[in-house]
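Hi,

Here is the structure I said I'd send over. Have a look at it first, and then read on for what turned up in it.

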Amino acid sequence: MSIFDFWRNKKKTKEEDKEQKEKKSQDSESLSFHHVLNNFDNCADFNKRTFTSNDGFALFFASLLNTEEFERDVIRSITKMDNHQLREYLAQEHFEEVTTNKDMILGIVAGSVGFFLEGKGYLIEMYGPEGRSIEESETETVITGPHDGFVESAGKNVSLIRKRVRSSHLKCEKMVVGEVSKSEVYFLYIKDIANDQIIEEMKRRVENIETDGVFEANTFVQILEDSPNSVFPQFQTTERPDVACSKLLAGKLILAVDSSPAVISAPSSFVEFFQSPDDYYNRWVIGSSIRLLRFVSFIITILFTALYVSATTFHYEIIPDQLLIPLAESRKAVPFPPIIEALLMEFTIELLREAGARLPTKVGQTIGIVGGIVIGQAAVAAGFTSDILIIAVATSAIASFVIPSYIMSGSIRLIRFGFIILAGILGNIGIVIGITVVAFHLATLTSINKPYLTPITPLILKDFKDVFLRAPYWAMTERPNQADVKNKIRTKVKE
Amino acid sequence: MNTKTNFSTIDFTILTYMLQSGITFFVLPRLMAENFGYNGWLAIPVISIVLLGQIILLGHVCKKMKRTSPLDRIDKVMPKVLRYPIYIFLAGTWAVLGCSVGANYFQIIQMMSFPNTPQYIFKGILAVIAFFILVSGFEGFVKGTTVFFFLTIWTLFSSFVVLKDFQFDQLTPFIFAGDTNFINGSFEVLKAFLGFELFIIFSSYIQKDINITKAITLGHLFTTVVYTFVTFIAFGFFSFQQLLDIEYPVIQMLDYVKVPFLERIDNLIFSFFLMKVVVTVTAYYWAAKEVLQQIFININESLLIFIIVTGNFLLGFMMETAREIETVVNIFSKLAFGISIVLPIFLLLIMKRSKNQTNEVKDHD
Amino acid sequence: MIKLSPYIVMFFILMLISGCGADEKVIEDLAFIQTKGYDIIAGEDLEDDGEEVMYRLTTSAPLVEPDREKPKISRVTTARLNKEGIQLNARTTERNIVSGQLRLLLYSKKVVENGLRPLLDVLERDPQIPARAKLAIVEGEVNPLMEREFDEHPRTTIYLDELLEKEARFNVIPEIKVYQFLRDLKDDGKDPTLPMIKLEEEGVAVNGLAFLKNDVYKTKLELDDSLIYFFLEKDVDQGDLNMSLPNPETGKNELVSFTSISTERDISVEKMEESFDVNIEVEMKGTILENIGDIDISDEEGQKEIEKLIEEYVTTKAEEIISFTQQSSVDPLGIGKKVRNSMSFKEWEELNWREEWPGVRVNVEVDIDIRDFGMSVRG
């Protein structure tokens with residue numbers, strides 16, 4: 001993967017190499033209390049604790065620990081022990097003996113407590129920093145269905161998944177990414193369903209990442225993707241454990257990145273970005289209708305304004321006569337050609353959206369009023385735009401928000417501008433040229449080497465049950481083909 | 001990791017349909033009326049069935065070749081002096097045919113809404129898109145074709161809207177009556193079905209578990225159904241004499257269609273045919289590239305594609321008027337049809353001979 | 001194989017097309033002609049002198065200026081070529097005149113008497129002209145009708161367009177658009193028809209159905225009978241007949257309003273030695289909503305009697321219409337199609353239908369089912 005080489009080359013300057021080598025030589029030396037202590041100088045939040053009854057030391061970051069548990073379970077008992085008792089106590093299983101400085105330091109920064117006693121080092125995991133409690137995800141809301149969402153702790157996130165999939169086949173492997181940040185990445189998959197090749201490939205890609213730190217799943221996606229330059233995201237991220245579990249059962253791989261409330265599912269297909277858990281919680285007819293609505297809104301987002309531009313610039317003959325005069329009249333006062341007019345309005349809508357996203361909710365409402373009423377009304381009254389364009393732009397903006405994935409919705413809103421420009425220069429044929437290029441690009445995209453536009457291309461008719469429609473559960477007896485699952489049968493219909 | 005896409009037979013069925021159906025579709029009803037007279041649409045299924053024989057032969061050859069390149073086989077039995085002219089002829093025919101199909105399409109687009117826009121702009125765009133598709137390889141081409149199929153197939157439903165004005169009286173009970181020219185007409189139909197012959201070149205890229213014969217046959221039958229259906233509707237929608245007078249009956253039919261938001265959807269729907277044209281053009285360019293690669297073995301593949309695409313773009317400057325384009329299309333589709341018959345038979349002969357030779361070698365042992 | 005980024009592709013495409021713009025037709029810069037009217041001004045009587053026919057072309061486009069009082073732009077010019085006329089008309093307007101939104105083509109009766117053919121070529125050839133534009137003949141001159149401003153209807157085109165549409169929906173006139181006209185004109189078994197309109201005091205009224213022999217005006221059918229004409233031409237799904245039926249018993253007239261009529265038509269052709277026998281069977285269904293007369297329709301006997309009277313009335317009228325078309329030797333009903341479809345191609349080729357048609361014996365058989373007699377049981 002060329003992209004990983006790119007990362008590597010950028011990060012590894014010669015100086016850094018040298019520094020790292022020195023550090024390494026020290027780190028791998030035999031365990032030394034002073035060395036460890038020196039490593040944490042200038043860390044105000046670092047704690048060192050001594051005990052009166054014995055010679056042991058405890059080193060830890062109080063901010064990373066579950067302090068209450070630590071006091072109750074460990075400190076209280078240790079303070080009463082003498083050296084001999086403590087030695088036996090530390091030999092217990094939940095204490096891990098470490099022999100190198102590096103391991104000790106890594107353990108402490110990861111939220112363990114390091115003990116030193118008579119030149120030997122031990123670690124006990126006490127990780128439990130304060131974090132957000134489990135709340136509903138704000139970007140992926142549903143009306144019915146579970147309301148818990150992932151939080152910024154990978155451990156909690158994994159527990160949310162394991163709570164739902166109670167099987168020993170749910171495997172969870174840990175990897176560490178980030179030279180400085182040492183973020184944990186958990187690989188979750190279901191053995192006997194997920195395809196080994198996909199897991200291997202994903203591991204290879206994660207191993208190949210050499211960067212200073214990764215804090216967020218969507219950043220991570222962009223490093224792992226097959227085509228990082230594409231506008232379209234190739235891995236789906238979700239903040240909902242129920243979605244993550246359904247992906248697992250479909251044979252997909254879930255990557256939970258520490259400190260990100262989103263998990264990555266791989267491989268993903270284009271149509272998955274249009275699916276919402278609500279489709280599955282509703283009756284299938286309703287779920288299917290809503291999903292169709294979303295695909296229609298996708299088309300509206302991309303083409304509505306472009307068609308307006310195309311019709312007013314080139315193809316006046318396709319406008320129905322009842323609409324023709326009002327349209328021409330409202331265009332009459334506008335000083336720009338349709339393409340500029342449309343781009344201006346689209347730009348304004350994007351401004352509103354961006355401003356609304358950046359501002360606190362209470363101020364955000366003001367933006368709605370200022371934008372919606374003042375600009376909308378005044379722009380038409382001042383002859384800045386035609387009122388029909390306002391309808392087109394507003395409809396396509398609303399339609400773009402129907403798409404459940406915010407990332408995908410952003411991609412689609414962006415390519416819309418391309419379509420508007422093409423329509424303004426070449427009319428309908430320009431729009432079709434745009435569709436041709438985008439469609440071909442989508443067709444050749446892959447998500448960990450699996451086709452992105454599945455099941456449309458390569459065509460797998462069986463998988464269409466869960467694309468534009470959501471078939472009833474009795475009909476969806478097989479897992480989709482994209483993840484190349486080992487076990488295809490999902491439901492066995494009992495006689 | 002296996003990065004190859006798993007295609008299924010249906011993908012190649014779609015490819016066949018997309019290769020076969022082209023702009024001839026828009027003139028087909030008139031051609032049928034001109035050459036077969038009243039109820040000329042009936043000739044389409046008849047000729048299609050005759051053509052099926054050739055398609056099965058082609059499929060058989062593809063199967064016999066066991067996914068090896070047909071050109072490698074020719075390389076083995078023919079000396080350079082003999083095979084190079086043949087290769088250049090093949091590549092030339094296919095490349096020019098592809099080019100002329102594109103020119104034909106844009107000539108209609110120009111007539112409909114861009115009478116003052118120079119054609120080279122459209123041809124340039126086509127060249128860029130074709131290059132974009134070709135460099136992504138055969139796999140990308142097939143994947144793209146499937147998507148384009150879905151993006152164009154809905155246009156067929158617009159022909160249901162005109163059914164309200166369909167009159168059985170207009171069909172008349174006469175069959176193939178009037179001024180007829182069966183030979184010319186048959187050729188026009190064959191021209192409309194052309195494109196499947198490229199499977200000979202494609203076969204070495206297709207997975208072994210795919211039944212090529214089945215894929216081409218199904219695709220061909222689907223094309224036949226579409227052609228027959230639309231031509232049938234045109235025969236009932238227009239009166240016979242009217243049909244003879246209309247250059248592009250299907251466009252005219254769509255001109256009459258009105259949907260709630262749009263009037264006269266002919267322009268929009270015809271624009272969507274760009275995708276079919278793109279598929280046809282890239283397929284012919286791909287075939288030309290494959291052949292030329294046998295001559296210029298050491299050349300970079302992308303460079304070769306660039307040369308073909310640019311060459312054809314420049315060639316497009318010589319095809320500007322409707323008459324010129326029609327002449328070129330006629331000549332080169334005749335040649336391509338000839339190739340589609342001769343090439344499979346020739347390959348069959350080669351394979352038979354090489355088989356005999358190996359048998360002889362065995363006998364000596 | 002290299003993977004080409006779509007951005008590069010888009011970049012090249014945009015580079016190529018950035019020079020376009022020659023064909024821009026921005027909507028507010030256009031004057032879309034909605035009505036075109038043709039009068040003949042020269043050549044009509046002078047054909048023998050070889051003088052070219054000159055047409056007076058009136059074009060009318062809506063004025064896209066929100067606050068103006070005048071709702072339309074009208075231009076008049078004389079020209080030989082259609083396009084030439086449009087060009088001449090465009091000289092005095094700042095807009096680009098286009099005909100892609102054409103709704104109505106009006107021809108004066110004289111133009112049609114002179115033959116429409118020279119004016120049809122542009123309809124077939126110009127891809128801009130919509131197949132859905134309606135055609136009509138104007139009794140008298142077209143120009144005054146188009147120049148006239150109707151107080152109640154600021155946009156004449158929409159007024160006429162909707163008028164024609166309404167009358168067609170109620171089966172007073174046929175709906176003839178470019179497509180239908182050309183279809184019938186080129187069908188060897190049918191002659192085209194066109195609706196006729198006339199400028200009257202209060203507005204424009206539909207006043208007849210013109211029968212054309214090929215592209216030339218032949219005669220006109222009065223509208224009183226046009227519904228019965230449609231019973232013979234096609235299956236009618238909507239229509240009202242108000243009849244005064246002479247009652248043979250009393251000698252007085254029965255006034256009957258027969259409404260919500262739907263009919264089915266069936267034509268069969270029999271080949272005779274000399275000519276043809278054509279049987280037209282019309283099945284009618286409808287409701288009687290008004291009846292003034294002596295027949296008591298509250299009992300079965302009376303109902304049957306009135307059915308018979310209506311049948312007789314319709315049959316007579318239908319036969320009158322058919323003999324009227326035969327006298328003018330035009331076949332707007334499309335009987336020729338049925339005759340053609342009953343024989344072999346060779347026979348049809350040898351047959352001169354236009355000459356044959358006046359001699360054909362046509363039997364009309366009307367079968368009436370009265371669905372109900374309204375809400376009253378009074379006799």
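To get you started: in which helix is Glu312(C) found? Look in chain C, and you'll see that Glu312(C) sits in helix H9, residues 300–327. Keep in mind as you go that this is a predicted model.

Glu312(C) has 14 C-beta neighbours inside 10 Å, so it counts as partly exposed.

**Chain A overall**

Chain A has 17 helices and 12 strands. Its C-alpha atoms fill a box of roughly 95 × 65 × 45 Å along the principal axes. Of the 495 residues in chain A, 41% are buried. If you take the contacts in chain A between residues at least 6 apart in sequence, 67% of them join residues at least 24 apart.

**The cores**

In soluble globular proteins, nonpolar side chains tend to be buried together. Here, the largest nonpolar core has 264 residues. The residues with the most contacts inside this core are Leu442(A), Ile129(B), Ala130(B), Tyr285(B), Ala288(B) and Ala136(C). Helix H17 of chain A, residues 406–444, gives this core its largest share, with 20 residues. Apart from that core lies another one, of 40 residues, and Val158(A), Val177(A), Val185(A) and Val257(A) are among its members.

Leaving out residues up to four places away in sequence, it touches Phe232(A), Phe270(A), Tyr452(A) and Leu453(A), plus Val147(B).

**Where chains A and B meet**

How many residues does each chain give to the contact? Chain B puts in 35 residues and chain A puts in 28. On the chain B side, several helices supply at least two residues each, including H1 (9–20), H5 (80–113) and H15 (266–272). The largest share of that side, 8 residues, comes from H7(B). Sorted by class, the side of chain B that touches chain A has 19 nonpolar, 12 polar and 4 charged residues.

Two packed helices are described by the angle between their axes and the distance between the axes.

First up are H7(B) and H16(B), which pack at about 160 degrees with their axes 9 Å apart. Angles over 145 degrees count as roughly antiparallel, so that is how H7(B) and H16(B) run relative to each other. Their crossing is left-handed. H7(B) makes the contact with Phe141(B), Thr145(B), Phe148(B), Leu151(B) and Thr152(B), while H16(B) brings Met275(B), Lys276(B), Val279(B), Thr282(B) and Trp286(B). That works out as 6 nonpolar, 3 polar and 1 charged residues.

The other pair is H6(B) with helix H17 of chain B, residues 301–315; these pack at about 165 degrees, with 10 Å between their axes. H6(B) and H17(B) are therefore roughly antiparallel to each other too. The crossing of H6(B) and H17(B) is right-handed. From H6(B), the contact uses Lys123(B), Gly124(B), Ala127(B), Ala130(B), Phe131(B) and Leu134(B), and from H17(B) it uses Ile305(B), Phe306(B), Val309(B) and Phe313(B). By class, this contact of H6(B) with H17(B) has 8 nonpolar, 1 polar and 1 charged residues.

Val128(B) is also in H6 of chain B. Is Val128(B) buried or exposed? It has 23 C-beta neighbours inside 10 Å, so it counts as buried. Apart from neighbours within four places in sequence, Val128(B) is in contact with Val9(C), Phe12(C) and Ile13(C).

Most residues other than glycine have a negative phi, and most peptide bonds are trans. These are some exceptions:

- The peptide bond from Ala266(A) to Pro267(A) is cis, with omega near -5 degrees. Pro267(A) is in the loop between strand S10 (263–266) and helix H11 (277–281) of chain A.
- Thr457(A) to Pro458(A) is another cis peptide bond, with omega near -10 degrees. Pro458(A) lies in the segment after strand S12 (450–451) of chain A.
- Glu118(A) is not a glycine, yet it has a positive phi of about 55 degrees. You'll find it in the loop between strands S4 (112–117) and S5 (120–125) of chain A, and it is exposed, with 11 other C-beta atoms within 10 Å.
- Ser260(C), also not a glycine, has a positive phi of about 50 degrees. It is found in strand S12 of chain C, residues 253–271.

Cheers

Key
Residues are numbered from 1 along each chain as its sequence is written. Chains are lettered from A and ligands numbered from 1 in the order in which they are written. This is a predicted model: local features need pLDDT of at least 70, side-chain atom pairs count only at pLDDT 80 or more; totals for chains, interfaces and linings use all residues. A nonpolar core is a set of buried Ala, Val, Leu, Ile, Met, Phe, Trp, Tyr and Cys residues joined through C-beta atoms within 7 Å. A residue is buried if 20 or more other C-beta atoms lie within 10 Å of its own, exposed if 12 or fewer, and partly exposed in between; C-beta atoms are placed from the backbone. Helices (H or I, at least four residues) and strands (E, at least two) are DSSP runs, numbered from the N terminus. Two residues are in contact if their C-beta atoms, placed from the backbone, lie within 7 Å. Ala, Val, Leu, Ile, Met, Phe, Trp, Tyr, Cys and Pro count as nonpolar, Asp, Glu, Lys and Arg as charged, and the others, Gly among them, as polar. Axes are lines fitted to C-alpha atoms, for helices over the stretch in contact, and angles run from 0 to 180 degrees between N-to-C directions. Angles under 35 degrees count as roughly parallel, over 145 as roughly antiparallel, 65 to 115 as roughly perpendicular and the rest as oblique. A crossing is left-handed if the near helix is turned anticlockwise from the far one by less than a right angle, and right-handed if clockwise.
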